Amino acid sequence: MRIIAGRHRGLALASVGKGDAGAHLRPTTDRVRESLFNVLMGGRFGDPITNARVLDLFAGTGALGLEALSRGAEHVTFIDDGRVATRLIRDNIRLTKRMSETTLIKRDATKLPDNLDAPYDLIFLDPPYGKGLGKTALSTAVDKGWVAPDALIVFEENAPQTVNAPMVVLDERKYGDTWVTFIDNPAP
């Protein structure tokens with residue numbers, strides 16, 4: 001795995017090795033990540049990355065959040081409760097030397113506390129597939145003040161996702177067995 005573009009383009013990230021099957025550690029492939037960021041930067045969504053506050057739920061290796069940071073995000077907060085995942089995220093943050101622009105919280109993404117900081121503009125959700133954890137985490141993040149009005153949510157799963165109003169699905173893309181659903185959280 002590597003950073004695809006931006007300030008850290010080509011930087012190899014920490015090796016996942018055998019990963020953590022029990023925690024369903026399944027990193028987004030370079031190809032899917034590149035395609036996802038091409039859609040984000042393709043103009044349809046304006047520029048959702050530059051100066052954005054990014055929340056990476058079920059962060060795994062942190063590759064999605066670090067790719068956003070490499071492309072101009074202001075800050076990334078990574079949420080994951082896996083032992084292997086948090087070690088990989090910490091290692092990858094060190095590799096990019098971006099400690100001051102990142103926060104790592106070891107916590108179950110479905111059980112977020114109230115957010116005491118500014119809400120996030122861009123949210124990545126990459127939960128274990130087929131368990132419904134992403135929808136629970138998204139609902140909790142909204143309820144607890146983590147998601148800004150007009151935030152863009154990028155939801156990876158093994159099927160396209162539906163949302164409850166006022167959220168709106170903007171686009172869906174399929175890459176192999178991965179569906180990426182782009183969701184808007186419109187301002188009230």
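1. In which loop is the place of Phe58? Phe58 sits in the loop between strand 1 (53-57) and helix 2, where helices (H or I, at least four residues) and strands (E, at least two) are DSSP runs numbered from the N terminus. This is a predicted model, in which local features need pLDDT of at least 70, side-chain atom pairs count only at pLDDT 80 or more, and totals for chains, interfaces and linings use all residues. Residues are numbered from 1 along each chain as its sequence is written, and side-chain values use heavy atoms, with hydrogens and water left out.

2. Some backbone angles deserve a careful look, given that most residues other than glycine have a negative phi, and most peptide bonds are trans. Phe58 has a positive phi, near 55°, and Phe58 is buried, with a relative accessible area of 13% (buried means under 20% relative accessible area, exposed over 50%, partly exposed in between, with a 1.4 Å probe and protein chains only). Asp150, which belongs to strand 5, is not a glycine and yet takes a positive phi of about 70°. Ala165 and Pro166 are joined by a cis peptide bond with omega about 15°, and Pro166 lies in the loop between strand 5 (147-157) and strand 6.

3. Just after helix 3, Lys97 takes a positive phi of about 60°.

4. Strand 6 (residues 168-175) and strand 7 (residues 178-185) run antiparallel and are joined by seven bridges, pairing being counted if DSSP finds at least two bridges between two strands. Within this arrangement, Val168 has Asp184 in strand 7 as its bridge partner. The two strands form a hairpin with two residues between them, and Gly176 in the turn has a positive phi of about 60°.

5. The second largest pocket is lined by 14 residues, among which Leu138, Ser139, Val163, Asn164 and Met167 lie nearest its centre. Helix 4 (133-143) and strand 7 are the elements that give two or more residues to this lining, and helix 4 gives the most, with five residues.

Terms used: On a 1 Å grid over the protein atoms alone, a cavity is a set of points where a 1.4 Å probe fits but cannot get out, and a pocket is an open set with protein on both sides within 12 Å along at least five of seven lines; lining residues have an atom within 4 Å of a point.
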